[in-house]
Amino acid sequence: MKHLFRGGRRKVAAVMAVALVASLSQVAPTSAAETPKTGGTLSVGIFDSFPGYCMADNLANSSLMAGRTIYETWVEQRVDGKIVPYVLSAVENSTDFKQWKLTVRPGVLFHDGTPVNADALVTNLQALRGALTLLGKAPSPGTAGGFTANITEVIKVSDSAVQVNLYRPQVDFLETLYASGRFFVRAPSQILGGAKCSTTPIGTGPFKLVSTKLNELVVTKNASYWRKDPSGASLPYLDGITFTFLVETASRVSGLKSKSLDIAMFTSAGEVKQIRDLQKNKNMTVIESPEEYYPSIWLNNRIAPFSSKNARLAVSYAIDRVDYNKVRNRDYVSAAKSIVGPANIMYNEKGFIQYDLKKAKDAAAAYKTETGKDLEFSFPYTAGSTESLANATQIQKYMTAAGIKMNLLPLTTAEIIQRAFPQQFQAMALLLMEGAGTAFIAPFITSDTSGGNQTHILRKTPLAVLYGILNLSAFTDTVSEDLIWQAKAEPNAAKRKALYGKATQQIQTEARLTTISYQKYALAYRTNVKGVGELGLTQGGQRKLMTNFGIDFTGVWKSGK
Amino acid sequence: MRAAYYLQRSAQLLIVVFCVTFGCSLLLQLIPVSPAEILLPVGSPEERALLTSEIGLDRGPIGYYIKWLGEFVRGDFGDIYYSGGREAVSSRLAVAFPRSMWLMIYTQVLALAIAIPLGVWSAYRVGRRTDRVISNVLFALSSVPSFAIALVLVLLVGVRWQLLPTLDYQPYSSGIWEHFKHMIMPVVSLSVGLIASYTRLLRADMIATLREDYITMAASKGLSDRRILWRHAFRPSSVTLFTSAALNMGGLIGGAIVIETIFATYGVGFEVFAAISGRQYIALQSIVGLISIFYVLFNLIVDVAAGYVDPRTRDRRINA
């Protein structure tokens with residue numbers, strides 16, 4: 001018995017050692033002993049389609065990964081969350097954080113052969129903030145107009161430098177410039193190219209466009225790419241990549257297993273079973289993003305029933321987050337304890353409304369007393385998506401238990417997006433907020449992203465709607481909004497975090513929106529794919545290995561044939 | 001007389017195309033919000049007004065339809081609208097259409113190549129064990145949806161045995177074997193159901209034909225069974241089969257969305273899906289118009305062919 005016990009311990013230790021090695025290999029795979037090989041192509045299966053490449057065409061998650069092979073960003077995010085210059089070479093700010101001088105890296109060329117310079121930077125920033133749209137020179141900036149509304153001026157100060165003036169002080173302006181990897185360095189010829197802006201991406205990235213369709217992006221090596229590897233060899237190593245939109249998870253899994261694909265990306269939203277299956281496959285390496293993605297249940301504060309706090313409280317109390325996470329996410333991710341995750345600077349558990357069926361029923365009863373009506377609302381889900389329906393049905397189950405009537409509304413994704421941003425739904429589930437910072441959080445929980453600037457260029461135009469369009473809960477909370485702007489102006493990190501935390505508490509106490517669980521992404525690749533996460537950034541440090549937009553392909557190479 | 005018949009058939013088919021396309025264009029008018037708002041959700045009012053005029057939506061239902069039709073017959077199928085520009089529907093179809101055409105042609109060829117001998121043999125051996133086995137197997141196969149067959153093929157042929165790729169389409173220019181390698185599983189998935197239905201159709205018609213007096217006469221004259229089956233019985237029995245095949249051709253061009261999605265071949269079916277989900281109504285109208293043309297075209301071809309295969313059919317229709 002004793003012997004068996006000892007042996008058992010050894011076995012456990014051995015298993016733990018193997019597991020540790022395996023887990024480390026998933027966190028930071030390395031092929032440092034191997035010399036990168038040039039050539040070869042990769043096939044990558046993704047779960048998002050390609051809506052286009054202009055400012056308002058928001059590439060999502062896995063298609064963003066594909067888009068980022070063509071495009072780079074002015075700044076890049078390191079694994080520690082710090083934003084550092086990338087296509088820019090230097091950034092300086094005034095002591096009040098209202099002026100930012102951005103200097104462009106010399107020697108970088110767009111795929112059309114034109115240089116990246118101050119003019120290109122001005123064109124990009126002016127296009128993002130809608131200034132070129134107002135002049136009729138560029139298409140609409142879309143939601144980017146809201147993200148960049150704190151910018152008041154973009155001034156070229158030299159051939160390589162631009163000064164950006166802000167209305168409100170913003171310590172984390174570089175996060176805005178990064179926009180979670182979305183604010184690409186686009187060639188002026190694309191931005192000003194009229195009808196081809198959405199269909200002809202021209203960037204500075206390691207790969208350039210061969211062809212693109214709604215379901216496919218084919219890129220080829222950019223022979224004049226500006227970066228070199230640590231040994232001085234040209235980048236990228238690969239000759240080309242084909243990204244294919246495969247909406248069916250099974251197609252991505254079978255594609256990997258049959259070697260039709262080299263890499264495939266997955267989301268924890270409905271694909272946990274497949275991710276776990278691939279993790280067991282010895283021919284695959286599976287890497288995961290952090291849980292830095294925060295799907296929200298947006299409760300429209302502007303219209304009934306959620307203009308009533310009682311209604312918002314009832315719904316927030318009614319959701320059994322732990323049960324939902326077990327049933328729908330197989331406990332692959334964490335149940336929410338705040339509207340954002342622990343990695344985010346705004347994380348605060350105070351005021352977050354957790355499951356309490358009795359309180360849910362009480363709040364629903366209070367709503368009836370207040371309005372004379374039973375609490376009832378509509379909730380859209382993606383028609384034809386069994387996952388979306390199952391998620392909505394699960395929430396509906398909690399509502400029914402609390403005596404709340406939730407009507408399911410089957411709509412196409414396009415209809416959902418179209419009606420979501422004019423804030424036409426009573427409630428809806430949508431993943432918008434992400435990351436460790438606030439650039440991709442604050443615009444969704446403020447009513448005026450210009451910070452109240454009455455002379456902002458979009459103020460008296462139809463595009464002024466962009467200031468608050470991202471806030472799907474359509475609320476104006478001066479307390480939380482003031483705290484957010486104060487935090488943005490606060491250079492002391494601890495004080496900044498405290499201010500953001502208070503803002504979160506205010507939003508949670510008022511039940512403006514809620515969160516059920518967090519989300520992460522996974523990427524599986526075959527053993528012939530090498531170099532994932534090994535190439536550092538130009539100014540030192542590493543990128544995050546895996547994010548919602550997958551991996552960086554610049555230093556990826558392929559072994560064998 | 002024959003010319004008048006074919007002209008009449010052609011006119012009927014044109015009316016069908018007109019009804020389908022006009023119906024689609026009316027749907028655009030019935031949308032509660034302005035189509036320009038849908039096509040340019042982030043566009044300015046000026047851009048939307050320009051688009052409304054450009055598409056012809058300001059001309060009323062008839063004016064809009066005439067404008068669309070005029071462009072359609074000239075090969076301009078309209079545009080797909082993005083937030084930053086547009087793309088011609090024809091450029092999308094230039095990629096998608098060959099994929100669907102090949103898929104349809106191979107599927108039909110494979111299905112007919114297997115179904116015809118099976119149907120003839122099954123009818124010849126009617127009531128015997130061979131016939132019962134074939135009938136039962138086909139009955140079972142016809143109840144299995146094509147996507148289920150596709151998934152089984154992917155699992156066995158693609159994943160377990162790794163004999164064929166499970167994804168993507170390759171044109172002829174990539175090499176004939178590459179092209180076929182990528183088409184085998186989608187084609188087999190779509191063919192199985194068709195083989196079952198074609199065989200059963202042909203078998204039923206063949207059994208009826210084999211009971212005709214002229215077949216008895218042919219047998220009494222000492223003609224071989226093979227000659228009787230293929231020369232005298234098959235021809236008049238194949239009209240229903242080919243009519244059914246023609247109907248399926250149109251369906252396969254636009255309706256193979258599930259198989260296209262599983263194997264990532266992305267043909268016209270996917271374009272229909274993309275136009276619906278992206279609310280690209282102009283594109284949808286043009287693609288539906290195109291599919292309807294193929295439907296009626298294949299039916300016309302079969303009508304004409306049926307007249308030659310079995311002249312009685314044509315004569316009956318002319319005299320009707």
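Biologist: Which residues are buried in H8(A)?
Modeller: This is a predicted model, in which local features need pLDDT of at least 70, side-chain atom pairs count only at pLDDT 80 or more, and totals for chains, interfaces and linings use all residues. Residues are numbered from 1 along each chain as its sequence is written, while chains are lettered from A and ligands numbered from 1 in the order in which they are written. Buried means 20 or more other C-beta atoms, placed from the backbone, within 10 Å of a residue's own; exposed means 12 or fewer, and partly exposed lies in between. In H8(A) the buried residues are A:Ser251, A:Arg252, A:Val253, A:Ser254, A:Gly255, A:Leu256 and A:Lys257.

Biologist: Why is H8(A) largely enclosed by the rest of the structure?
Modeller: Helices here are DSSP runs of H or I with at least four residues, strands are runs of E with at least two, and both are numbered from the N terminus. H8(A) counts as largely enclosed because of its buried share: seven of the nine residues.

Biologist: Which residue just after H8(A) takes a positive phi?
Modeller: The phi in question is about 70 degrees. The residue that takes this value is A:Lys259.

Biologist: How many residues of chain A are in contact with chain B?
Modeller: Contact means C-beta atoms, placed from the backbone, within 7 Å. Chain B brings 32 residues to these contacts. On the chain A side the number is 35.

Biologist: Which helix gives the most to the side of chain A that touches chain B?
Modeller: H8 (249-257) and H14 (413-420) of chain A each supply at least two residues of that side. With five residues, the top contributor is H8(A).

Biologist: How do the residues of that side of chain A divide into nonpolar, polar and charged?
Modeller: Ala, Val, Leu, Ile, Met, Phe, Trp, Tyr, Cys and Pro count as nonpolar; Asp, Glu, Lys and Arg are charged; the others, Gly among them, are polar. The division is 13 nonpolar, 16 polar and six charged.

Biologist: In what order do the four strands of the open sheet in chain A stand?
Modeller: Strands pair if DSSP finds at least two bridges between them. Here the pairing is antiparallel. The order is S4-S5-S7-S6.

Biologist: Which strands stand at the edges, and what is the average twist?
Modeller: An edge strand has a single partner, so one side of it lacks a neighbour in the sheet. That applies to S4 (88-93) and S6 (151-156) of chain A. From one strand to the next, the twist averages 20 degrees.

Biologist: Which helix packs on the sheet?
Modeller: The helix touches S5, S6 and S7 of chain A. Its direction makes about 160 degrees with that of S6(A); axes are lines fitted to C-alpha atoms, for helices over the stretch in contact, and angles run from 0 to 180 degrees between N-to-C directions. It spans residues 118-128 and is H3 of chain A.

Biologist: Which residue stands opposite A:Trp100 in S7(A)?
Modeller: Strands S5 (99-104) and S7 (161-166) of chain A run antiparallel and are joined by five bridges. Opposite A:Trp100 stands A:Val164.

Biologist: How many residues of S11(A) are buried?
Modeller: S11(A) covers residues 263-267. A:Ile263, A:Met265 and A:Thr267 are buried on one side, A:Ala264 and A:Phe266 on the other. The count is five of the five.

Biologist: Which strand does S11(A) join through five bridges?
Modeller: S11(A) also runs parallel to S1 (41-46) of chain A, with two bridges; there A:Val44 stands opposite A:Ile263. The five-bridge partner runs antiparallel, with A:Ala264 opposite A:Ala524. That partner is S18 (521-526) of chain A.

Biologist: Which strand is joined to S16(A) by seven bridges?
Modeller: S16 (427-434) of chain A is mostly covered, with six of its eight residues buried. A:Trp298 stands opposite A:Met428 in S16(A). The antiparallel partner is S13 (293-299) of chain A.

Biologist: How far apart in space are A:Phe440 and A:Thr176?
Modeller: A:Phe440 sits in the loop between S16 and H15 (478-489) of chain A. This residue is buried, with 26 other C-beta atoms within 10 Å. In sequence the pair is 264 residues apart; C-alpha to C-alpha, the distance is 7.8 Å.

Biologist: How many residues has the largest nonpolar core?
Modeller: Such a core is a set of buried Ala, Val, Leu, Ile, Met, Phe, Trp, Tyr and Cys residues joined through C-beta atoms within 7 Å. A:Ala314, A:Ala318 and B:Tyr198 have the most contacts inside it. The core has 249 residues.

Definitions and conventions:
Two residues are in contact if their C-beta atoms, placed from the backbone, lie within 7 Å.
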